[in-house]
Amino acid sequence: MENGKCRLAFDIGGTFTDFILEDAAGDLHTFKTLTTHEDYTVAIAEGVNRLLARTGIAAADVGQVLHATTLGSNTLLERTGARTGLITTRGFRDVLEIRDLRMPRLYDQDWDKPETLVRRRRRRVVTGRILADGAEMEPLNEADVREAVEFLKAEGVTSVAVCLINSYANPAHEIRVGEIVREMWPEVHLSLSHVLLPEEGEYPRTSTTVINAYVQPILKDYVARLMQLMEVQGINAPLFFMQSNGGLTPASVAAEQPIHIIESGPAAGVVGASIVGKAGGTPTVITLDIGGTTAKAALVENGTPGKATEFQVGGHVLQVERLLSGGGFTLRVPAIDLAEVGAGGGSIIALDAAGVPQVGPRSAGSNPGPACYGRGGTELTVTDCNLVLGYLNENSIAGGEMILQRDLAMQAAQAQLAGPLGMTPEAAAHGVFTLSCVTMIQAIRAVTTERGQDPRDFALFAFGGNGPLFAAGIAQTLGCPKVIVPPAPGVFSALGLLCAEVEIHKSRSYRASVSEDTVAHARSQLSEMAQQAEAEAQSPGGRLTATARMRYAGQSSDLLVHLGDPATLDAARVRAAFVAEHDRIFKFTAPENEPVRFTAIEVAYALPVGQVDMAKRRLVGSGTQTSQRAWFGPQTGWLDAPVVPRPALQRITGPCIITDPDATTLVPPGAVAEMAAGGAIIITLPQQAGSTKSERSDVEYA
């Protein structure tokens with residue numbers, strides 16, 4: 001980016017689209033508007049126009065545009081991708097349906113696998129065979145390929161995935177299939193498995209390639225429209241997308257390989273949390289991102305987000321039990337290890353057949369939104385209940401762009417919840433608040449207790465439009481000692497984009513025991529992969545980091561091991577890194593003579609794109625302190641709670657409500673909130689009588 005230029009970042013969520021502009025002086029300006037699901041670019045255009053007009057910055061002064069989006073994951077969840085065809089080796093037509101042994105409900109004989117993204121008739125097979133060592137067993141039958149192409153054209157297919165057996169070892173057949181497809185069908189979208197994922201494992205490789213083909217036309221069209229919008233706005237700047245792994249990638253790469261941006265939005269906030277937490281002296285935190293539609297959790301240890309090499313997409317949003325995966329489609333790409341539940345501010349409250357309230361996973365979204373938005377929504381949501389409880393200030397939503405209507409929330413709560421349950425509106429609403437906390441805790445436990453971590457050892461780092469509102473209640477229930485609310489919490493994922501680096505990942509299968517010879521060969525392979533990544537990043541001088549998937553000989557699963565600079569690797573260092581990671585995860589180390597094996601090697605090429613001072617946020621009007629009544633449970637009842645604008649906060653004991661232009665922080669009775677030097681709010685929670693690390697702290701308030 002040129003010196004003196006501004007940086008613009010925006011993140012599309014299920015309910016709101018968030019914007020942040022860093023001007024040439026490093027000051028941060030934010031804006032928030034409702035997401036326009038029928039066409040995301042409508043909200044983007046409005047946000048860009050409003051932000052530039054408010055700051056007086058010319059469009060030509062924007063030197064970089066950074067973007068996070070849920071378009072990829074929504075396409076899979078809603079099954080709205082392209083009509084896709086698959087060309088594969090004869091005998092492997094049904095890999096997508098056979099899948100693997102994973103299933104989310106082990107003893108449910110009525111459970112059905114999700115319907116594949118490619119109908120069986122559009123999965124075409126060709127004769128030809130490459131062996132696992134790369135040798136050709138049977139030549140490719142090009143007549144089969146041409147017949148498959150003609151059939152898929154007649155079927156109205158617009159995107160084709162090609163995944164041939166063992167193409168990771170020798171892609172010659174797959175390359176030739178790609179050439180024939182391009183020759184016969186130049187306009188079709190094409191995804192080749194040896195380009196996307198040159199690794200063994202037929203189902204993960206086929207599934208990943210098909211997902212890319214299914215989403216690619218949608219993303220390509222979206223990127224084209226976004227570039228056109230920027231041109232109309234007068235913004236002539238490079239566009240980068242956030243990847244699932246927490247790094248940025250050029251828009252051209254994202255359009256060709258959308259598999260890397262499926263979990264784009266949630267990753268940006270975790271990247272920002274790792275930087276803010278480390279700068280504030282708390283490098284190990286649980287991140288909690290609660291928006292209008294979902295709640296997402298991740299673990300950051302020593303300033304580094306947890307990473308996964310494979311995850312499930314397109315499954316039910318409430319499936320957070322990571323050990324019981326299989327409810328979606330396997331996507332094998334590097335990603336921040338996130339868990340997600342369908343509970344947020346816009347989650348709809350409904351009574352089940354037994355009359356028991358349920359939170360989500362349906363959401364009122366941005367249109368019509370919760371009843372209190374006054375936009376035609378009639379179904380009761382979590383936000384309506386929070387307004388009934390007095391936890392929200394009617395005039396502090398989206399920087400004052402929206403005024404909440406408490407009377408509409410009360411009507412919905414009385415008619416749909418309190419009346420049927422025979423309770424007062426505030427008691428019923430408080431039950432929803434408690435139930436919401438319990439639902440959101442599922443996501444936290446998926447990245448802590450299911451990973452052998454005790455949440456009581458971590459601070460809770462809360463952001464998103466609703467994260468700071470629920471954080472203290474969730475932290476007290478889990479026994480976390482404190483809550484951190486960063487600057488600009490409601491647009492923090494957009495802020496996280498400004499903290500990220502351009503990061504390109506390359507991987508390939510590498511099956512060998514660790515020795516000096518194999519490590520030397522791995523260095524050569526990593527060097528070749530690094531050159532490819534540098535070319536893709538379109539900029540030299542990046543930082544190289546190697547990782548490997550490794551196991552003890554005889555084990556059936558891998559560990560992701562960070563190896564550092566690939567140029568300095570030797571056998572002793574590689575083995576030591578694996579042993580340390582194995583001991584950290586499993587608390588076990590095998591004897592020194594136990595063989596250690598590689599299964600895959602990976603390289604990341606990273607380039608910093610800028611630095612951001614999060615304390616330099618410019619708020620539109622600081623506001624004045626007021627007071628409102630809030631209800632904190634049947635034993636405590638109604639209390640007068642000061643409403644403190646964030647810039648006026650120094651130190652206060654709860655109850656109180658701290659307002660940001662984009663979020664509300666709820667400080668429960670007895671908790672202490674104070675402003676830290678870096679601009680974050682630190683909430684220290686009261687110790688519960690008799691509470692120990694072995695005894696959970698359940699409090700009335702949450």
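**A chat about strands and cavities**

Visitor: Hi, I'm new here. What kind of model is this?
Guide: It's a predicted model, so take what follows as a description of a prediction.

Visitor: Okay. Let's start with strand β26. Which residues does it cover, and how many of them are buried?
Guide: Strand β26 takes in residues 543-552.

Visitor: Which strands does β26 pair with?
Guide: One is β28, residues 596-608, joined to β26 by 10 bridges. Another is β27, residues 559-564, with five bridges to β26.

Visitor: And the directions, parallel or antiparallel?
Guide: β26 and β28 run antiparallel, and the pairing of β26 with β27 is antiparallel too.

Visitor: What holds strands together like that, in general?
Guide: Strands of a sheet pair through backbone hydrogen bonds.

Visitor: Can you give me some residues to look for? What's the bridge partner of Leu544 in β28?
Guide: That's Tyr605. On the β27 side, look for Ala548, which stands opposite Val561.

Visitor: How many residues sit between the strands in the hairpin of β26 and β27?
Guide: Six. Gly554 is worth a click in that hairpin, as its phi is positive, near 100°.

Visitor: New topic. In what order do the strands of the open sheet with β29 come?
Guide: The order is β29-β30-β32-β33, four strands with mixed pairing. β29 (626-631) and β33 (664-667) are at the edges, and each has a single partner strand, so one side of each has no neighbour in the sheet.

Visitor: What's the average twist there?
Guide: From one strand to the next, the twist averages 30°.

Visitor: How is β33 joined to β32?
Guide: By four bridges, with β32 (residues 656-659) and β33 running antiparallel. Thr659 stands opposite Thr664 of β33.

Visitor: Which residues line the largest cavity?
Guide: Leu96, Thr116, Leu117, Tyr203, Ser207, Val210, Ile211 and Phe329. Helix α7 (residues 202-233) gives the largest share of that lining, four residues.

Visitor: What about the classes, how many are nonpolar, polar or charged?
Guide: The lining of the largest cavity has six nonpolar residues, two polar ones and no charged ones.

Methods:
Residues numbered from 1 in each chain as written. Predicted model: local features only at pLDDT ≥ 70, side-chain atom pairs only at ≥ 80, totals over all residues. Heavy atoms only, no water. Buried < 20%, exposed > 50% of the residue type's maximum accessible area, 1.4 Å probe, protein only. Helix = DSSP H or I, 4+ residues; strand = E, 2+ residues; numbered from the N terminus. Pairing = 2+ DSSP bridges. Axes fitted to C-alpha atoms, helices over the stretch in contact; angles between N-to-C directions. 1 Å grid on protein atoms, 1.4 Å probe; cavity = no way out; pocket = protein on both sides within 12 Å on 5 of 7 lines; lining within 4 Å. Nonpolar A, V, L, I, M, F, W, Y, C, P; charged D, E, K, R; others polar.
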